[in-house]
Amino acid sequence: MTIQFNARSSKTRARALARNEERANLILPVFTGEALAGYAAEADELSRGLVSKRIELNGYEPKANKVLVIDTDLSCEGLDRIVLIGLGERSKLTLTGLRKALVEVFESARDTLQSDHVVFPINDVEVRGVTVEQFAETVAITAALMDFEVKHQKTRTDDEDERTHLETVTLLADDWAVGSVKKGMLRGKAIGEATCNARDLVNEPSETL
């Protein structure tokens, strides 16, 4: 399945989720030693303090790659679940660290949340030496690779549930960055899909290859 990647202005902050035609899971980056800020603070307000309460009750610490899923009980318009992804200390975040965190959060979206639609505010995260275009490309590649399912010649039984796949990934960015985000996602989507196609070819039986 091909994922549709979207870029949207973050001008209306987390409340932009209310405009979604489909309910979505909001991925929120959080850092060690920092109070909730940006979209995390907006989502906390939108959910009437649910985010901060769950952080306290669960003893959640935003260490690198640590995920916390918060169910909104469908009380927030357009918003299904809030997914916190720890990025460690902001000053120590690298592109490699970002990739590892994205793998964890998209794996949760795939296997735990069975999510069709995710929203990720990339303007709450900066990686030294990485442009917003490169950031968006990294997100798109990771989403495509984590959504991959081996297409072996396998007959699915009636008892097997078909795995949920991502349908849309929406990145929220500052107005000035939306064009660059779109360009990065387009390239990342191409790279991710080409890699998945190569995986399918490798897994194809030789007599049908």
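Contact means heavy atoms within 4.5 Å. The model is predicted: local features need pLDDT of at least 70, side-chain atom pairs count only at pLDDT 80 or more, and totals for chains, interfaces and linings use all residues. Residues are numbered from 1 along each chain as its sequence is written, and side-chain values use heavy atoms, with hydrogens and water left out.

**Figure 1. Overview of the protein chain.** The secondary structure comes to 5 helices and 6 strands, where helices (H or I, at least four residues) and strands (E, at least two) are DSSP runs numbered from the N terminus. Their order from the N terminus is β-β-α-α-β-β-α-β-α-β-α. Of the 209 residues, 44% count as buried; buried means under 20% relative accessible area, exposed over 50%, and partly exposed in between (1.4 Å probe, protein chains only). Among contacts with a separation of 6 or more, 74% join residues 24 or more positions apart.

**Figure 2. Helix α4, residues 132–146.** The 15 residues of α4 reach 21 Å from first C-alpha to last, close to the 21 Å expected at 1.5 Å a residue; the expected span is 1.5 Å times one less than the number of residues. Because 12 of its 15 residues are buried, α4 is largely enclosed by the rest of the structure. The buried residues include E133, E137, T138 and T142, as well as F135, V139 and I141. They pack against β1 (4–9), α3 (95–111), β5 (117–121), β6 (168–173) and α5 (178–203).

**Figure 3. Surroundings of F135.** Leaving aside neighbours within four places in sequence, F135 is in contact with L98, F120, I122, V125, V127 and V130. F135 is also one of the residues with the most contacts inside the largest nonpolar core, together with F106, V169, L171 and V181. A nonpolar core is a set of buried Ala, Val, Leu, Ile, Met, Phe, Trp, Tyr and Cys residues joined through side-chain atoms within 4.5 Å.

**Figure 4. The nonpolar cores.** The largest core has 36 residues. Two or more residues each come from β1, β4 (79–86), α3, β5, α4, β6 and α5. Apart from this core lies another, of 16 residues, among them A40, L68, I70 and I82.

**Figure 5. A7 in strand β1.** A7 has its place in β1 and counts as buried because its relative accessibility is 19%. Beyond the neighbours within four places in sequence, A7 is in contact with L171, V178, V181, K182 and M185.
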